[in-house]
Amino acid sequence: MIFKAYKVKNDHRQPSLINKKSQWTVSEWDELNLFIIAYNEDWTSPNKPQLWSTNGRENKIGECMDGKSLTDLYIAKYITDSNHHEWHGYPVSPRQYDIPPEKVLSLWLERGLIDKTDKSRIRGGKF
Amino acid sequence: MNTSSISLSIEGDFVDSFIYSGTLFIVHANSQLSTYSWGRILKYAIDQIPNTTLRRQINSFMFDCRNFPFDFNNNDPISIAIDSETLEEMEFSTIYLDGWPSDINVYGNYLYICSEDGVDEYDFDRKTNTITANPPFKIWDQYAFMIAPNDSHRLAIAAGEIGVITAFPKKRSIDYSKDLSILIEQPSSDCEWIGNNLVSNTSEGAYLSVFPSLPKTPQNPDQEYWNLLNQAKRSEPKTHPLENENHINLKYAWMAGEKLLGINRQGKIYTHIETSSPDSQIQHKERYISRLTQERFLAARAGSFGTVIEYENELVIYNESGEQSVAKRPVNWRVFPRSKNYINHLHVVENDLLKIYAFDVNQSNHHVDYYAIDINNII
């Protein structure tokens, strides 16, 4: 995977867009730091230019609307335009079917970033 | 409320479990799925009880809940246990999965594994309690959250953003253009198919699909029967969103035998008795549970002892007598709403053990709890 640039996207930092886009609640530096950790740790999707990151269940990183309720988010997903190698990311909800691959979840479990219940719920779209 | 039960704790690092036709299936945290003879496990565990008569009664009751000479009122709560080394000695067959499954199910001598790679079907031999060595058959090749098998090899799969699909494979073959179709196009991670009723829980609320009854299998099935069966299997169900009396969509629903239960966004559980008509409305029994609005609701299912609701931080049983906490943040849990033998069982996977509860089945005075399955009318 090639990395040339990271772009902080405004649409995930505009609370007025919460009904359409998930919103970061951590700083831009934290957003970038989560990306760098994911990149260095190889928290990637198999055969897809995607990275996943987390600070664990105790550390909220974003928010989104789940129906009419505001939901806290703990997982970040990073994607790239394969032509430009420019990455950007946003917080995601497994309840909305953004689910890190098994390989990444196993690494997070080993690291103690998530526990068995978290992993089971993430896989089932209940986290 | 404290519904009487016998509990069996099995020590180990597990992520899921299932019981079917005398076989216990356990998924270990290392993604190994093993089968065990339920009879052997029970025999070993129950040998710890000194009273011979009680031992025999418990064994019989935990093997088939319809055998209940066992009197909960005259006995102290009973907890038995097995350690991980003993369990290992009782292993019958093992397969190694590529990762944790998102769901498992066993029905009609097939074991189904749902995962990020889709749905795999394994042959299961109930006489030997083993998963056969044949490589699995791939029924679906995209993320599968949950599977709901039904008679005559009919399957419903909650396939996330794709929605709920139905699949009718024939022995290790499936024609994707004919045997597989999207039933509900709303994203879904949860479905349950009991009798003719398929409940799909989607991001837009709960849906009920009522399928036509399948023809009864004659003693000597002829071509006419197979034609009728295939025609019935391919008949479109009648699907409609589940609504309360004010035509507001229910957020989530599940079956309790013939009863349909659902919750709305204001914390009410509805129980509806008749589900055979697609035009029927939910109108019978209401109960307000404030917790449903205060804490994140994850899932619900019913057994003969009541309805189990999983919240973010607790697993709770509800019935007409009240509520009972069973576990804090379990790794997984499961009931067996179509099983005559195990309708009273609740499996709870905790961090370092699997706890199997067998609840009292004394449904007295012919009154069946609104939130429970009638043991005399299992579909």
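Chain A of this predicted model contains 3 helices and 7 strands, where helices (H or I, at least four residues) and strands (E, at least two) are DSSP runs, numbered from the N terminus. Read from the N terminus, the elements of chain A follow the order β-β-α-β-β-β-β-β-α-α. With a radius of gyration of 14 Å, close to the 14 Å that the globule rule gives for 127 residues, chain A is as compact as a globular protein of that length; the radius is taken over C-alpha atoms, and the rule is 2.2 Å times the number of residues to the power 0.38. Along the principal axes, the C-alpha atoms of chain A fill a box of roughly 35 × 35 × 25 Å.

Of the 127 residues in chain A, 40% are buried. Here a residue is buried if 20 or more other C-beta atoms lie within 10 Å of its own, exposed if 12 or fewer, and partly exposed in between, with C-beta atoms placed from the backbone. Contacts were also examined, two residues being in contact if their C-beta atoms, placed from the backbone, lie within 7 Å. Among the contacts of chain A between residues at least 6 apart in sequence, 51% join residues at least 24 apart.

Where the two chains meet, chain B contributes 19 residues to the contact and chain A contributes 12 residues. The side of chain B that touches chain A divides into 9 nonpolar, 6 polar and 4 charged residues. In this grouping Ala, Val, Leu, Ile, Met, Phe, Trp, Tyr, Cys and Pro count as nonpolar, Asp, Glu, Lys and Arg as charged, and the others, Gly among them, as polar.

The pairing of β30(B) can be followed next; two strands pair if DSSP finds at least two bridges between them. Strand β1 (residues 5–11) of chain B runs antiparallel to β30(B) and is joined to it by 7 bridges, with S7(B) having Y357(B) as its bridge partner. Strand β29 (residues 345–350) of chain B is also antiparallel to β30(B), through 6 bridges, and H345(B) has A358(B) as its bridge partner. A hairpin through 2 residues joins β29(B) to β30(B).

Chain B also holds an open sheet of 4 strands in the order β12-β13-β14-β15, with antiparallel pairing. Its edge strands, β12 (146–150) and β15 (180–184), each pair on one side only. Between β12(B) and strand β13 (residues 154–158) of chain B, which run antiparallel, there are 5 bridges, and P149(B) stands opposite L155(B).

Finally, R296(B) sits in the loop between α5 (291–294) and β24 (297–303) of chain B. With 16 other C-beta atoms within 10 Å, R296(B) is partly exposed. Beyond its neighbours within four places in sequence, R296(B) is in contact with Y311(B) and E312(B). The C-alpha atoms of R296(B) and Y311(B) are separated by 5.7 Å, although the two residues are 15 residues apart along the chain.

Residues are numbered from 1 along each chain as its sequence is written, while chains are lettered from A and ligands numbered from 1 in the order in which they are written. In this predicted model, local features need pLDDT of at least 70 and side-chain atom pairs count only at pLDDT 80 or more, whereas totals for chains, interfaces and linings use all residues.
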